[in-house]
Structures are given as structure tokens and as C-alpha cells.
Amino acid sequence: MVAPSILSADFATMGEECRAVIEQGADLLHLDVMDGHFVPNLSMGPAMCQAIRSHFPETFLDVHMMVTNPADYIESFATAGADNYTFHVECDDDPRMLADAIHAAGMSAGLAIKPDTDLETMKPFIEHFELLLVMSVHPGFSGQAFIPEVLETTSRLSELIRDDQHIQMDGGINPETAVDCRDAGCDVLVAASAIFKKSDYAECIASIRGQ
Ligand code: DX5
Ligand code: ZN
């Protein structure tokens with residue numbers, strides 16, 4: 001699956017940008033939420049999720065929380081229509097308790113890991129999540145270069161998951177780096193700049209998928 005990250009979309013024409021990628025092959029939309037603490041940037045909140053949900057009732061909305069206290073925002077994103085809520089294993093909250101709270105709010109749960117964090121940190125929690133996100137850049141900004149070392153983490157992770165769990169990779173994904181990501185066992189690829197900075201969204205989405 002290919003998940004365009006709207007972080008690199010034109011915010012002044014967000015509805016048109018979303019419609020374009022949905023019509024041109026996106027499987028879901030990825031919303032990057034940043035709090036200025038967990039990462040040194042600010043991006044968007046539940047109001048953006050709510051606005052997109054109201055215009056695109058059928059689209060799967062995948063929220064990536066780069067925030068220090070993800071427990072605080074579960075209810076507001078569930079109310080705003082998010083389908084999946086991913087937070088970082090490096091945050092201040094307890095991953096096991098959060099997985100339960102996310103499920104109770106009616107969303108699927110994702111657990112993310114930064115490029116420099118040991119996979120061992122994630123291991124005790126894997127079974128409780130529908131999605132495992134391996135960051136392939138240091139979170140905070142679009143347009144960074146792919147960190148190839150995370151492919152090994154991904155291969156090891158792919159040995160640990162069930163058939164009904166997904167591995168997502170996020171950061172520096174383009175048609176070239178996507179080849180290695182797919183080979184390492186990723187089935188959900190996020191891309192921001194590679195898609196939204198191109199004029200032909202359809203061609204880029206298809207080539208990230210490997211078509
Ligand atoms: C980074 C975000 C990514 C980012 C990807 O902190 O989590 O989703 O938008 O941007 P690109 O695809 O440009 O690396
Ligand atoms: Zn992201």
C-alpha cells in the first residue's frame with residue numbers, strides 16, 4: 001500500500017491535494033502530527049483530520065503522532081475520524097496501556113520506532129499493534145534522505161510479526177528506495193515529498209508500489 005503524507009501537500013489547497021492522490025492511486029492518507037517537543041516542528045492537529053474526514057468519508061486516515069504525550073489526543077483524533085493512531089515507543093506514555101485505549105476508542109493502533117532506537121525496545125509490545133512503523137529518517141521534517149541502516153531492523157521485525165500485522169516505513173521513500181523497503185518486508189510505504197513535489201502523482205504512487 002502507498003500512503004501519501006500530506007505534510008508536503010499544498011496546505012492552501014489541501015482538499016484538492018487529497019482528492020488528487022486518492023483518485024490517482026493512494027490507498028490511505030498519512031497525517032503527521034508534531035508537537036514541537038517530541039520533534040522540533042509543528043504541523044497539524046485534529047481539526048485537519050476532521051476537515052479531511054468530512055470531505056472524504058471513505059478514505060482510511062492514518063495518524064502518525066510525533067508527540068511526547070500521545071495518550072492526551074486519542075479521544076480527539078477518534079472523534080475527528082482517524083482510523084489508525086500510531087505513536088512512538090520513545091514517548092513518555094506506556095505503549096501497552098495506549099494500545100488498549102486506542103482500540104477502545106475504535107481505532108487500530110500503530111507503534112513507531114526512530115532510526116537509532118534498538119528494536120528490543122519495541123519487542124515486548126509488538127503483539128498488541130496492528131501496525132509497526134519503522135522510521136527511515138529522524139522524525140520532524142519531510143524531504144530528508146533515506147537511512148539505509150533501518151532496512152536491517154525491518155527485516156528482523158518482519159520475522160516477528162503475524163500475517164495480520166503490517167510494517168510501515170516512513171521517510172525518504174521514493175520509487176528507488178521503495179524497492180529495498182518492499183524487499184525488507186514493508187507493506188505500507190509513506191511518502192511526502194516524492195509524491196507531492198512531482199507533477200504526476202499517479203506515476204509516482206504506482207512506481208512506489210512497484211508497478
Ligand atoms: C517525518 C514524517 C514523514 C514525512 C515523510 O517526520 O513522519 O511522514 O512527512 O516525508 P518524506 O517522504 O519527504 O521523507
Ligand atoms: Zn509520518
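**Conventions.** I number residues from 1 along each chain as its sequence is written, and I letter chains from A and number ligands from 1 in the order in which they are written. The model is predicted, with local features needing pLDDT of at least 70, side-chain atom pairs counting only at pLDDT 80 or more, and totals for chains, interfaces and linings using all residues; side-chain values use heavy atoms, with hydrogens and water left out.

I looked up the residues around ligand 1 (a heavy atom within 4 Å). There are 20, and Asp32, Gly140, Asp170, Gly172 and Ser193 come nearest. By class, I find nine nonpolar, nine polar and two charged residues in this shell. Gly counts as polar here.

I checked N and O atoms next. The side chain of Asp32 places an N or O atom 2.7 Å from an oxygen atom of ligand 1. For Gly140, a backbone N or O atom lies 2.7 Å from a ligand 1 oxygen atom. Gly172 also has a backbone N or O atom 2.7 Å from an oxygen atom of ligand 1.

**Ligand 1, elements.** Strands are DSSP runs (E, at least two residues), numbered from the N terminus. Strand 2 (29–34), strand 3 (61–66) and strand 8 (188–191) each give two or more residues to the shell. Strand 2 gives the largest share, three residues.

**Thr117.** I placed Thr117 in the loop between strand 5 (108–113) and strand 6 (131–135). Its side chain joins that of Glu90 in a polar contact of 2.7 Å (N or O atoms within 3.5 Å, one able to donate a hydrogen and the other to accept it; residues adjacent in sequence count only if both atoms are side-chain atoms). Beyond neighbours within four places in sequence, Thr117 is in contact (heavy atoms within 4.5 Å) with Val89 and Glu90.

Note on methods. Helix = DSSP H or I, 4+ residues; strand = E, 2+ residues; numbered from the N terminus.
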